[in-house]
Amino acid sequence: MVRGARRVVALTGAGISAESGVPTFRDAGGLWRRYRVEELATPEALQRDPRTVWEWYDHRRSFLASCEPNPAHHALARFFLGRGVAGLITQNVDGLHTRAALEAAGDAPADAALPVELHGVIARDRCNSCGARYPGEPLGDPLPRCADCGGLRRPDVILFGESLDGTLLARAQAMAAAADLCLVIGTGAEVYPAAAIPWTTRHAGGDIIEVNTQATSLTSVAAVAVQGKAGEVLPELLG
Ligand code: NAD
Ligand code: ZN
């Protein structure tokens, strides 16, 4: 199926980074200090107590910077580079797909292997008022401010309850609609609107191949569901 597909799109989630040592939300237990992550990573918490929210992200940011892309990230990067057509969509904010793409491309343009990062990039800051973007820096005192408008800077990720970037989402949906095969890797595909992406390919007449260590709500819809670790399955599937 992979060899015969005209156009392939891939949607990845936290599970693809598990073998890089990044805990999925469920594995992490969803707690940091005494806070529930679902309550901490919200616009209300950012408004009420920006320093605590920043400390959690600063902690997570430096942890993620120490993680490396695994064979699953590398296999996808090589696959899309070889095709020359972009098709990678991720819910992860860890930047590991981008790092794998840049490594695989060497001096060549990495565009085809760069992901659409639907939920943002934890290594980057964004102004909470005007949207200007900045490279992230280690947290200091006072909290970082926007050089353009003086607004509070925040990690450039989508918090619980916030909408996704409409342009990115439209691009991902168009990629999924144009594909005849959607690979769904390491995601429970339960968090909308990202979870709608495989369905877009399906409704356009395409097929789904799922790679996950467990069964999900997509397993019965997939043409093929491979139960296994992404880092072991993908090099074989795409190699
Ligand atoms: P999830 O935590 O809900 O689900 C992870 C999925 O990966 C599960 O279905 C699990 O069975 C599967 N899995 C675990 N290990 C695997 C492996 N080695 N190989 C293949 N599959 C494996 O994650 P989600 O569906 O991505 O949604 C949770 C949300 O949390 C997303 O919005 C995401 O942005 C965010 N998140 C991101 C990161 C990251 O950036 N790495 C980490 C945790 C959570
Ligand atoms: Zn600003």
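Mentor: Let's start with the ground rules and then talk about the ligand and the cysteines.

Mentor: This is a predicted model, so local features need pLDDT of at least 70 and side-chain atom pairs count only at pLDDT 80 or more, while totals for chains, interfaces and linings use all residues. Residues are numbered from 1 along each chain as its sequence is written, chains are lettered from A and ligands numbered from 1 in the order in which they are written, and side-chain values use heavy atoms, with hydrogens and water left out.

Trainee: Which residues come nearest to ligand 1?
Mentor: Ala 14, Gln 91, Asp 94, Thr 187 and Asn 212, out of 26 residues around ligand 1 (a heavy atom within 4 Å).

Trainee: And how does that shell split by class?
Mentor: There are 7 nonpolar, 14 polar and 5 charged residues around ligand 1; Gly counts as polar here.

Trainee: What lies 2.9 Å from a nitrogen atom of ligand 1?
Mentor: A polar side-chain atom of Glu 19. Thr 187 also has a polar side-chain atom, 2.8 Å from an oxygen atom of ligand 1.

Trainee: How much of ligand 1 does the protein bury?
Mentor: The protein buries 89% of the 850 Å² that ligand 1 exposes when taken alone (Shrake-Rupley, 1.4 Å probe).

Trainee: Switching to cysteines, how many disulfides are there?
Mentor: The count is 0, taking sulfur pairs within 2.5 Å.

Trainee: Why does Cys 182 count as buried?
Mentor: Because its relative accessibility is 0%, and buried means under 20%. Cys 127 counts as buried too, at 2%.

Terms used:
A polar contact is a pair of N or O atoms within 3.5 Å; within protein, one must be able to donate a hydrogen and the other to accept it, and residues adjacent in sequence count only if both atoms are side-chain atoms. Buried means under 20% relative accessible area, exposed over 50%, partly exposed in between (1.4 Å probe, protein chains only).
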